[in-house]
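Open the model in your viewer and keep the sequence panel beside it.

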Amino acid sequence: DYQRLALSSGIYFGTTAAYLEKGKKYFFVVETEGNWSIQINNISGTLPGNYVSGYGDGVTGVFTASSNSMIFSVIMDADTINSIKVFEYGGGRYDYEELVYESDPYSGSKLIYLTKGKKYFFVVQTETGGYWKISW
């Protein structure tokens, strides 16, 4: 069982998420030429307002669901595989909803069912970087 954290054919700088269970041992396989480093942090921070934006791969701070169904609007400028998932904060590896999975630039909205009062965060993955914005 493995989790692919990043995929790039050039210089890569980004943030991604992995589900790690306490007490288990893990290892990373890095295939690259040149220098590299990995830094491991807990997900932290609260999203201030009703949108978040960035460039390339990213993991956002958390937001609290204001209702059991929320509409998210997304803009993604990258022209390769783009993925945005909404994960339940403190949930399991598979506790997420797919918000976007497109292979072209994307602009649209989607209704996602969440649990009012629970905390969530976004994981954004793009193969070539690019601007993205999520609003609700």
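Two notes on the numbers. This is a predicted model, in which local features need pLDDT of at least 70 and side-chain atom pairs count only at pLDDT 80 or more, while totals for chains, interfaces and linings use all residues. Residues are numbered from 1 along each chain as its sequence is written, and side-chain values use heavy atoms, with hydrogens and water left out.

**Stop 1**

Strands here are DSSP runs (E, at least two residues), as helices are (H or I, at least four residues), and both are numbered from the N terminus.

**Stop 2: the core**

Next, select Phe-63, Phe-72, Ile-84, Leu-99, Leu-114, Phe-122 and Ile-134. Of the 20 residues in the largest nonpolar core, these touch the most other members. A nonpolar core is a set of buried Ala, Val, Leu, Ile, Met, Phe, Trp, Tyr and Cys residues joined through side-chain atoms within 4.5 Å.

Which elements give two or more residues to this core? They are strands S4 (69–76), S5 (82–88), S6 (96–102), S7 (106–113), S8 (119–126) and S9 (131–135). S4 gives the most, with four residues.

**Stop 3: two buried threonines**

Select Thr-126, which is found in strand S8. Thr-126 counts as buried because its relative accessibility is 7%. Its side chain reaches the backbone nitrogen of Gly-129 at 3.0 Å. Show contacts (heavy atoms within 4.5 Å). Leaving aside neighbours within four places in sequence, Thr-126 is in contact with Gly-56, Asp-57, Met-76, Ala-78, Ile-81 and Asn-82.

Move to Thr-60, in the loop between strand S2 (58–59) and strand S3 (63–64). Thr-60 counts as buried because its relative accessibility is 6%. The side chain of Thr-60 reaches the backbone nitrogen of Phe-122 at 3.0 Å. Apart from neighbours within four places in sequence, the contacts of Thr-60 are Ile-43, Leu-47, Val-52, Phe-121, Phe-122 and Trp-132.

**Stop 4: the salt bridges**

How many salt bridges does the structure hold? There are two, where a salt bridge is a side-chain nitrogen of Lys or Arg within 4 Å of a carboxyl oxygen of Asp or Glu.

Select Glu-88 and Lys-118, whose side chains meet in a salt bridge at 3.3 Å, N to O. This pair links distant parts of the chain: Glu-88 is in strand S5 and Lys-118 is in the loop between S7 and S8, 30 residues apart. Glu-88 counts as partly exposed at 23% relative accessibility, and Lys-118 is also partly exposed, at 36%.

Then select Glu-21 and Lys-24, whose side chains meet in a salt bridge at 3.8 Å, N to O. Glu-21 is partly exposed, with a relative accessible area of 38%.

**Stop 5: residues with some exposure**

Select Ser-69, in strand S4. Ser-69 counts as partly exposed at 34% relative accessibility. Beyond its neighbours within four places in sequence, Ser-69 is in contact with Leu-111, Ile-112 and Tyr-113.

Go on to Asn-50, in the segment before S1. Asn-50 is partly exposed, with a relative accessible area of 43%. Leaving aside neighbours within four places in sequence, Asn-50 is in contact with Ile-134, Ser-135 and Trp-136.

Finish at Thr-46, which also lies in the segment before S1. Thr-46 counts as exposed because its relative accessibility is 64%. Draw a distance from Thr-46 to Val-62: they are 16 residues apart in sequence and 4.8 Å apart in space, C-alpha to C-alpha.

Methods
Buried means under 20% relative accessible area, exposed over 50%, partly exposed in between (1.4 Å probe, protein chains only). A polar contact is a pair of N or O atoms within 3.5 Å; within protein, one must be able to donate a hydrogen and the other to accept it, and residues adjacent in sequence count only if both atoms are side-chain atoms.
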